[in-house]
Amino acid sequence: RGRELTKRTVENLILAGALDCLPGNRNQKKLAYSRIMDRLNDESKKEVEGQLSLFDMEGSETELKETLPDVDEFEKEELLAYEKEVLGVYSSGHPLEEYSDLIKQYADTDSLGFIPDEETKQTPLEDGSTHTVGGMLTEITPKFTKKDETMAFVTLEDLVGTVEVIVFPRVYEQVKDFLVKDQKVFAQGRVQAEDEKDAKLIAEKIRPFEGMPKEVWIRFETKEAYAEVSGELDEMLRKKPGDDQVVIYISSLKLLKRLPKSRNIMADPAMIEALKNRFGDKDVALK
């Protein structure tokens, strides 16, 4: 019966992409569908007539276009989040696709490594081994220990599946501020594996994607040019210690020199701007 096609059902169809064949983007249709349905039902005294008009519009495509608000489509991640909420899966992509290169750079395994082989019943990753996975937090469940300390069981989703990450109190206190749904993180830790069960990761470190170490490259034409300012550069680096490594590049010799960890810096915008102002905008790069 036409009455069964509720506004909630239509909204879900819009957010799932089932009505992409109609004019407008999903954001426009989400904002307009309720008003359109009310108008069509008001204009019709037959309960089905207005419902059918929503889909075929009885040739009134121009009318629909004029009714839609002038707004842009949802941002990609918001669009995908709606798909996951309505369908339980992503239908037009994955929120982590744009981070695939970053994940390859820092993660040494994925969630498939935590799944037992059908024949051997053992996981590819050895019990007790240390690995890093990268993905998006989809579930965070805090728990209290017997000592009344807080820990958490976390589900981390990557491009191929999910892995359970156990965050004990010591680590939890360090990372609790960014243990939030949809946060993208790298989790490093020790594998806890049992035969015939999915392995888990006992977290030792968790870092947001945006907090991963970077490299600051500073280019000099010659070794002599670098030597002239190395003392001044050293003083600048000491003022902003952090986890980001500084790389000196001598272009005439095509020579790289990675400064020791004691000269690592926090490569925030202010620091990068200061380096560019002193050594040249084109000679300082953040990788």
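Analyst: Happy to! Let's begin with Lys121, which sits in the loop between helix H6 (100-106) and strand E1 (130-144); helices (H or I, at least four residues) and strands (E, at least two) are DSSP runs, numbered from the N terminus. Before going on, please keep in mind that this is a predicted model, in which local features need pLDDT of at least 70 and side-chain atom pairs count only at pLDDT 80 or more, while totals for chains, interfaces and linings use all residues. Residues are numbered from 1 along each chain as its sequence is written, and side-chain values use heavy atoms, with hydrogens and water left out.

As background, most residues other than glycine have a negative phi. Lys121 is partly exposed, at 37% relative accessibility.

Glu196 counts as exposed because its relative accessibility is 61%.

Next comes the loop between strand E2 (150-157) and strand E3 (162-167), where Leu159 is found. With a relative accessible area of 40%, Leu159 is partly exposed. The areas themselves come from the Shrake-Rupley method with a 1.4 Å probe, and for residues only the protein chains shown count as cover.

The largest nonpolar core has 22 residues, and Phe114, Leu156, Val165, Val167 and Ile206 have the most contacts inside it. Such a core is a set of buried Ala, Val, Leu, Ile, Met, Phe, Trp, Tyr and Cys residues joined through side-chain atoms within 4.5 Å. A second, separate core has 19 residues, including Leu259, Ile265, Ile272 and Leu275.

Which residues does Val167 touch beyond its sequence neighbours? Leaving aside those within four places in sequence, Val167 is in contact (heavy atoms within 4.5 Å) with Met151, Ala152, Val154, Tyr172, Val175, Ala203 and Ile206.

One more loop deserves a visit: the one between strand E8 (255-258) and helix H9 (269-279), which holds Asn264. Is Asn264 buried or exposed? Asn264 is buried, because its relative accessible area is 11%. Its contacts, again leaving aside neighbours within four places in sequence, are with Lys240, Pro241, Gly242, Asp243, Asp244 and Gln245.

Side chains of opposite charge can pair when their charged atoms come close. In a salt bridge, a side-chain nitrogen of Lys or Arg is within 4 Å of a carboxyl oxygen of Asp or Glu, and the structure holds twelve of them. Asp234, Arg238 and Arg263 are linked in a network of salt bridges. Lys276 forms one with Asp281, the closest N and O atoms being 3.9 Å apart; Lys276 is partly exposed at 26% relative accessibility, whereas Asp281 is exposed at 53%. Another pairs Asp20 with Arg26 (3.0 Å, N to O); here Asp20 is partly exposed at 40%, while Arg26 is buried at 7%. Glu11 and Arg8 meet at 3.2 Å, N to O, and both lie in helix H1 (residues 7-16), three residues apart, about one turn of the helix.

To place these parts in the whole, the protein chain contains nine helices and nine strands. Of its 287 residues, 40% count as buried. Among the chain's contacts with a separation of 6 or more, 59% join residues 24 or more positions apart. The accessible surface comes to about 17200 Å², with 48% of that belonging to carbon and sulfur atoms.

Terms used. Buried < 20%, exposed > 50% of the residue type's maximum accessible area, 1.4 Å probe, protein only.
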